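The following note sets out points on the structure shown below, in numbered form. Each point takes up one residue or one feature.

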Amino acid sequence: MSRKPERDVEKTYSLPDFVAKLRRLADALEQGERFERQIAGERVGVPARAVCIIEHEREGASEEIEFQVKWRNPR
C-alpha cells in the first residue's frame with residue numbers, strides 16, 4: 001500500500017457553512033458513525049474512534065480557537 005503524501009490545507013467558510021459542517025460532524029460522531037468530507041479534491045473519512053481536541057492560542061492582540069479531530073490510519 002502506498003503512503004499518502006503529506007498536506008496542510010486551510011479553507012475559510014461562511015458562518016452558516018461552518019455551522020452546517022460542524023453539525024454534520026457532531027451528529028456522525030455522536031451516532032458512532034464515520035464522517036466523510038471532500039477536502040481540496042480528496043475524500044477524507046473521519047472514523048468514529050477519532051479524538052477531539054480544542055486548542056486556544058494567543059499571540060499579541062490575536063487569538064485563535066482550533067477544533068481538531070485526530071486519528072491514526074491502519075497501515
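1. The side chain of Gln 68 forms a polar contact with the side chain of Glu 66, at 2.9 Å. A second polar contact joins the side chains of Gln 68 and Glu 55, at 3.0 Å. A polar contact is a pair of N or O atoms within 3.5 Å; within protein, one must be able to donate a hydrogen and the other to accept it, and residues adjacent in sequence count only if both atoms are side-chain atoms.

2. The model is predicted: local features need pLDDT of at least 70 and side-chain atom pairs pLDDT 80 or more, whereas totals for chains, interfaces and linings use all residues. Residues are numbered from 1 along each chain as its sequence is written, and side-chain values use heavy atoms, with hydrogens and water left out.

3. Gln 68 belongs to strand E4, residues 62–70; strands (E, at least two residues) and helices (H or I, at least four) are DSSP runs numbered from the N terminus. Gln 68 counts as buried because its relative accessibility is 17%, the classes being buried under 20% relative accessible area, exposed over 50% and partly exposed in between (1.4 Å probe, protein chains only). Leaving aside neighbours within four places in sequence, Gln 68 is in contact (heavy atoms within 4.5 Å) with Val 51, Cys 52, Ile 53 and Glu 55.

4. Which residues make up the largest nonpolar core? Leu 25, Ala 28, Phe 35, Val 46 and Ala 50 form this set of five, where a nonpolar core means buried Ala, Val, Leu, Ile, Met, Phe, Trp, Tyr and Cys residues joined through side-chain atoms within 4.5 Å. Not counting residues up to four places away in sequence, Val 46 touches Glu 33, Arg 34, Phe 35, Val 69 and Trp 71.

5. Leu 29 is part of helix H1. Leu 29 counts as partly exposed because its relative accessibility is 21%. The C-alpha atoms of Leu 29 and Val 46 are 8.8 Å apart in space, and the two residues are 17 apart in sequence. Beyond its neighbours within four places in sequence, Leu 29 is in contact with Pro 47, Ala 48 and Cys 52.

6. Ala 40 lies in the loop between E1 and E2. Phi of Ala 40 is near 50°, a positive value in a residue other than glycine. Is Ala 40 buried or exposed? Ala 40 is exposed, because its relative accessible area is 59%.
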